[in-house]
Amino acid sequence: MDTKKVISGALLIFVLYTIITQPTKAADIVQIGFQGISDAARGIGEFMTELVR
């Protein structure tokens, strides 16, 4: 059996279990993830702006 498929399946089951049993905590984790992506994009934008100046 392909190891990547097994790990992906286990991760999917864990995520679904977390969403079903603790939806508030799951929403907080997603919000933190999106905040991190937003901060990274903002930082890259500021870097590029300063680089052009």
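Is Ala-40 buried, partly exposed or exposed, and what is its relative accessible area? Ala-40 is partly exposed, with a relative accessible area of 43%. Here buried means under 20% relative accessible area, exposed means over 50%, and partly exposed lies in between (1.4 Å probe, protein chains only).

1. Basis of the note. This is a predicted model, in which local features need pLDDT of at least 70 and side-chain atom pairs count only at pLDDT 80 or more, while totals for chains, interfaces and linings use all residues. Residues are numbered from 1 along each chain as its sequence is written, and side-chain values use heavy atoms, with hydrogens and water left out.

2. Secondary structure. The protein chain has 2 helices and 0 strands. Both terms refer to DSSP runs numbered from the N terminus: helices are H or I runs of at least four residues, and strands are E runs of at least two. Helix H1 covers residues 3-21, and helix H2 covers residues 23-52.

3. Overall form. The protein chain is more spread out than a compact globule, because its radius of gyration is 18 Å, well over the 10 Å that the globule rule gives for 53 residues. The radius is taken over C-alpha atoms, and the rule is 2.2 Å times the number of residues to the power 0.38. Along the principal axes, the C-alpha atoms fill a box of roughly 50 × 35 × 5 Å.

4. Surface and burial. Of the 53 residues of the protein chain, 4% count as buried. The accessible surface comes to about 4,900 Å², and carbon and sulfur atoms account for 71% of this surface. Such areas come from the Shrake-Rupley method with a 1.4 Å probe; for residues, only the protein chains shown count as cover.

5. Charges. The protein chain carries 5 positive and 5 negative side chains, and the centres of the two sets are 7 Å apart. Lys and Arg count as positive and Asp and Glu as negative, whereas His and the chain ends are not counted. Each charge is placed at NZ of Lys, CZ of Arg, CG of Asp or CD of Glu.

6. Salt bridges. The whole structure contains 2 salt bridges, each defined as a side-chain nitrogen of Lys or Arg within 4 Å of a carboxyl oxygen of Asp or Glu. One joins Asp-39 to Arg-42, with the closest N and O atoms 3.1 Å apart. These two residues are 3 residues apart in helix H2, so about one helical turn separates them. Asp-39 is partly exposed at 37% relative accessibility, and Arg-42 is partly exposed at 46%. Glu-50 and Arg-53 also form a salt bridge, at 3.5 Å from N to O. Glu-50 is exposed at 52% relative accessibility, and Arg-53 is exposed at 72%.

7. Nonpolar patch. Leu-11, Phe-14, Val-15 and Ile-19 make a nonpolar surface patch of about 390 Å². Patches consist of residues with over 30% relative accessible area and no salt bridge; like charges are joined within 9 Å, and nonpolar side chains (Val, Leu, Ile, Met, Phe, Trp, Tyr) within 5 Å. Val-15 lies in helix H1 and is partly exposed, at 38% relative accessibility.

8. Ala-26 lies in helix H2 and is buried, with a relative accessible area of 12%. Its C-alpha atom is 16 Å from that of Gly-36, 10 residues away in sequence. Val-52, also in helix H2, is exposed, with a relative accessible area of 73%. The C-alpha atoms of Val-52 and Gln-35 are separated by 26 Å, at 17 residues apart along the chain. Ala-40 belongs to helix H2 as well. Between the C-alpha atoms of Ala-40 and Asp-2, 38 residues apart along the chain, the separation is 34 Å.
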